[in-house]
Amino acid sequence: MSSETVIGSQKRAWKRRTYLIDREFQLKYIFMLGSIGAGSIGLFGALAWWAHTAALEAGSGSEGFAGMTILWLTLLAVVGTAVALGLFGLVFTHRVAGPVHVMNLYVEALAAGHYPRLRPLRKYDELKKFFDRFSQAVERIRAREADEAQTLSRALSVFQPLANTEEARAALKALEELHSRKREAVDKPVSGSHPVAR
């Protein structure tokens, strides 16, 4: 098999075929953007039609006025649509950027070896399903680490009286430090609102 065939088959494997991945989330915003755009253009069309019919009723002398009116209405429609979509974009990005920011802080805490103190998202935030799954994963990992710390504690209590050599005591000390780190990570969650110092 030639290298071109391998590269060609890899490119085909990565081609995205599904565009609606999160149907509810995507359709909600597609509908909102379409509604804002259609409403803005519909309003512009109605006002342009009004200017046109007003010019026809007034007679041939007001055609220049009608042309200027349509020009101003076009400018108003462009600016109005830009402002409406800009405000919508601000609200939407805030509803997405907030949860992403919070999850970045949580991931930073996890990377530093701490468990974040999780808080719920705001009422109108997006990505709630993803955040719920993320929270469940963090809680499962925390529970597993607590179980491991408990198992280490039991093992340490059994092996401490048996540590007669320097090598065994050094191994027990390493296990005790591991146990302490696990207990501290599980028992002392960090606040998710501030970055963790490294």
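Visitor: In which element is the place of S135?

Guide: Helices (H or I, at least four residues) and strands (E, at least two) are DSSP runs, numbered from the N terminus. In this predicted model, S135 belongs to helix α4.

Visitor: Is S135 buried or exposed?

Guide: Buried means under 20% relative accessible area, exposed over 50%, and partly exposed in between (1.4 Å probe, protein chains only). S135 counts as buried because its relative accessible area is 13%. The C-alpha atoms of S135 and M103 lie 9.4 Å apart in space, while 32 residues separate S135 and M103 in sequence.

Visitor: What conventions apply to the numbering and the values?

Guide: Residues are numbered from 1 along each chain as its sequence is written, and side-chain values use heavy atoms, with hydrogens and water left out. As the model is predicted, local features need pLDDT of at least 70 and side-chain atom pairs count only at pLDDT 80 or more, whereas totals for chains, interfaces and linings use all residues.

Visitor: Where is confidence lowest, and where is it highest?

Guide: pLDDT is the predictor's confidence in each residue, from 0 to 100. The chain averages 80, and 83% of the residues score at least 70. Helix α1 (residues 3-13) has the lowest confidence, with a mean of 56, and α4 has the highest, at 90.

Visitor: How many helices and strands does the chain have?

Guide: The chain has 5 helices and 2 strands, and their order from the N terminus is α-α-α-β-α-α-β. Of the 198 residues, 22% are buried.

Visitor: Which residues form the largest nonpolar core?

Guide: A nonpolar core is a set of buried Ala, Val, Leu, Ile, Met, Phe, Trp, Tyr and Cys residues joined through side-chain atoms within 4.5 Å. Here the largest one has 11 residues: V102, M103, Y106, Y115, L121, F131, F134, V138, A146, A185 and V186. At least two residues come from each of α3 (63-111), α4 (128-159) and α5 (166-187), and α4 gives the most, with 4.

Visitor: What does Y115 touch?

Guide: Contact means heavy atoms within 4.5 Å. Not counting residues up to four places away in sequence, Y115 touches L110, V138, I141, R142, E145, A185, V186, P189 and V190.

Visitor: Which residues line the largest pocket?

Guide: Rolling a probe the size of a water molecule over the atoms shows where empty space is left. On a 1 Å grid over the protein atoms alone, a pocket is an open set of points where a 1.4 Å probe fits, with protein on both sides within 12 Å along at least five of seven lines; lining residues have an atom within 4 Å of a point. The lining consists of D22, E24, F25, K28, K123, Y124, D125, E126, L127, K128, K129 and F130. α2 (23-58) and α4 are the elements that give two or more of these residues.
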